[in-house]
Amino acid sequence: MNQNMEYTSYKSIKYYSECAALVEGLGYKLVELKIVPAKTITKISAMVCAADVNTNMGVNDCAKVHRVLLPKLEELLGTEETSMELTSPGIEHNLKNAAEFSIFVGRNVRVWDKTLTDWVGGKILSADETSVTLQKDDGTQITESFENIAKAKFISASTSMGISKNCNF
């Protein structure tokens, strides 16, 4: 695995700040926002999670965000010719942007450390533009540089119970 976990600042994503403030006002967090203009329609893809990162979202939560977020994006884009897919992270969500670590502080994750060629797991304690600090099960802390992380994903207690409450709206 030669890839690195890339950090893309949320501030650099067009309309993210405006949309994140709106979503946070509803009690959720905006994890991802992609806007892709096509010939006749603008495709919007957004991912949101509960403010408490250990709480799963249901369809009603996604519907609530969708009803408020879509009109705001249409206003910002200056068009109603849109199609929006709104999702929430699943119980084994793969983190795509290293900036997500700061949104999911308190969540259990595992990261593939290229220097160890193995998974390292723990609860996210903090994250910045270059690294994430995890608390391992034994209580020790480890700071992983994003350049040493090839991939990362959630570890969930609900995985073992077979509970999945992510929404796709």
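Reader: In this predicted model, how many of the residues of strand β7 are buried?

Author: Strand β7 covers residues 131-135 and is mostly covered. A residue counts as buried when its relative accessible area is under 20%. Of the 5 residues in β7, the number that are buried is 4.

Reader: Which residue of β7 is the bridge partner of Ala127?

Author: Strand β6, residues 118-127, is joined to β7 by 4 bridges, and the two strands run antiparallel. They form a hairpin with 3 residues between them. Within this pairing, the bridge partner of Ala127 is Val132.

Reader: Which residue takes a positive phi in the hairpin of β7 and β8?

Author: Strand β8 spans residues 141-145 and is joined to β7 by 5 bridges, in an antiparallel arrangement. Ser131 stands opposite Ser145 of β8. The hairpin of these strands has 5 residues between them, and the residue with a positive phi, near 95°, is Gly139.

Reader: Why is one side of β1 and of β3 left without a neighbour in the sheet?

Author: The open sheet has 3 strands in the order β1-β2-β3, and its pairing is mixed. β1 (28-37) and β3 (82-87) stand at the edges, so each has a single partner strand. Neighbouring strands of this sheet are turned against each other, direction ignored, by an average of 15°.

Reader: Which residue in β2 is the bridge partner of Glu32?

Author: β1 is joined to β2, residues 42-50, by 9 bridges. These two strands run antiparallel. In β2, the bridge partner of Glu32 is Met47.

Reader: What angle does the direction of helix α2 make with that of β3?

Author: Helix α2, residues 59-77, packs on the sheet and touches β1, β2 and β3. Its direction makes with that of β3 an angle of about 145°.

Reader: At what angle to β1 does helix α1 run?

Author: Helix α1 is formed by residues 16-25. It lies across β1 and β2, and its angle to β1 is about 140°.

Reader: What is the volume of the largest cavity?

Author: A search of the whole structure, counting cavities of 30 Å³ or more, finds 1. The largest cavity has a volume of about 80 Å³.

Reader: How many charged residues are in the lining of the largest cavity?

Author: The residues that line the largest cavity include Cys49, Met57, Phe104, Arg107 and Phe154. By class, this lining has 7 nonpolar and 4 polar residues, and the number of charged residues is 1.

Methods
Residues numbered from 1 in each chain as written. Predicted model: local features only at pLDDT ≥ 70, side-chain atom pairs only at ≥ 80, totals over all residues. Heavy atoms only, no water. Pairing = 2+ DSSP bridges. Axes fitted to C-alpha atoms, helices over the stretch in contact; angles between N-to-C directions. Contact = heavy atoms within 4.5 Å. Buried < 20%, exposed > 50% of the residue type's maximum accessible area, 1.4 Å probe, protein only. 1 Å grid on protein atoms, 1.4 Å probe; cavity = no way out; pocket = protein on both sides within 12 Å on 5 of 7 lines; lining within 4 Å. Points joined across faces, edges and corners; volume = space filled by probe spheres on them. Nonpolar A, V, L, I, M, F, W, Y, C, P; charged D, E, K, R; others polar.
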